[in-house]
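Here is a short report on the fold, the packing and the charged pairs of one protein. Please keep the sequence and the 3D view open while reading.

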Amino acid sequence: MRRAAIRGSAVIAAVAVPVLVWIVTVPLLGHRLRVEGPPSLEIRVGTVIVLALAAALAGWALLAALERLTRHGRTVWTVAALVTLAGSFVLLTGPMATATRTSLALMHLGLAAVLIPGMTRAPAARERRS
């Protein structure tokens, strides 16, 4: 399988995981994902899709750039991805219900759990040429 196809599949899966968490949380369990405060924000499935897709595509773009700039691109990207994941939990410190915080944490972890190995397991450009 080509590198772009593997990474494209990782992006799709990385979007699907948070959407599945949203589906279980909102329609199935009946909990509203809502961040309180001025302004209050209700997290809808469209928001989940757009943000997960943006994060996954930004990650892919950064990885592609790093692979061109350095032979340690994957290592640098993996560290950056893990730091970004850790930093994303700062967003979960705001005023929200425990169920919302838990669901959002699962979305962040799920996206990272799929995207990081999915992006790094694809063959690098230099590896494919040999």
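Buried means under 20% relative accessible area, exposed means over 50%, and partly exposed lies in between, using a 1.4 Å probe and protein chains only. This is a predicted model, in which local features need pLDDT of at least 70, side-chain atom pairs count only at pLDDT 80 or more, and totals for chains, interfaces and linings use all residues. Residues are numbered from 1 along each chain as its sequence is written, and side-chain values use heavy atoms, with hydrogens and water left out.

**Overall layout**

The protein has 5 helices and 2 strands. Helices (H or I, at least four residues) and strands (E, at least two) are DSSP runs, numbered from the N terminus. Their order from the N terminus is α-β-β-α-α-α-α. The C-alpha trace spans about 55 × 25 × 20 Å along its principal axes. Of the 130 residues, 35% are buried.

Contact here means heavy atoms within 4.5 Å. Among contacts with a separation of 6 or more, 71% join residues 24 or more positions apart. The protein exposes about 7700 Å², and carbon and sulfur atoms supply 70% of that area. Accessible areas come from the Shrake-Rupley method with a 1.4 Å probe; for residues, only the protein chains shown count as cover.

Helix α4 covers residues 98-120, which is 23 residues. From first C-alpha to last it reaches 33 Å, close to the 33 Å expected at 1.5 Å a residue. The expected span is 1.5 Å times one less than the number of residues.

Which residues of α4 are buried? They are T100, S103, L104, A105, M107, G110, L111, A112, L115, I116, G118 and M119. Their cover includes α1 (3-28), β1 (34-35), α2 (45-69) and α3 (73-88).

A nonpolar core is a set of buried Ala, Val, Leu, Ile, Met, Phe, Trp, Tyr and Cys residues joined through side-chain atoms within 4.5 Å. The largest one has 27 residues. V48, W77, L104, M107, L115 and M119 touch the most other members. Helices α1, α2, α3 and α4 each give two or more residues to this core. The most come from α4, with 8 residues. In soluble globular proteins, nonpolar side chains tend to be buried together.

Leaving aside residues up to four places away in sequence, V48 touches P18, V19, W22, I43 and M107.

L20, I23, V24, L28 and L29 make a nonpolar surface patch of about 500 Å². Patches are made of residues with over 30% relative accessible area and no salt bridge; like charges are joined within 9 Å, and nonpolar side chains (Val, Leu, Ile, Met, Phe, Trp, Tyr) within 5 Å. L28 lies in helix α1. Is L28 buried or exposed? L28 is exposed, because its relative accessible area is 63%.

**Salt bridges**

A salt bridge is a side-chain nitrogen of Lys or Arg within 4 Å of a carboxyl oxygen of Asp or Glu. The whole structure holds 6 of them.

| Pair | N to O distance |
|---|---|
| E67 and R7 | 2.8 Å |
| E36 and R34 | 3.5 Å |
| R34 and E42 | 3.6 Å |

What does the E67 and R7 pair tie together? E67 lies in helix α2 and R7 in helix α1, so the pair ties together parts that are 60 residues apart in sequence. Both E67 and R7 are buried.

R34 pairs with E36 and also with E42. E36 counts as partly exposed, at 38% relative accessibility. R34 is partly exposed at 27%, and E42 is partly exposed at 24%. Elsewhere, salt bridges that share partners join R3, R7, E67 and R74 into one network.

**Two loop positions**

P39 lies in the loop between β1 and β2 (41-42). A cis peptide bond joins P38 and P39, with omega about -10°. Most peptide bonds are trans.

H72 sits in the loop between α2 and α3. H72 counts as partly exposed because its relative accessibility is 40%. The C-alpha atoms of H72 and P18 are separated by 29 Å, and the two residues are 54 residues apart along the chain.
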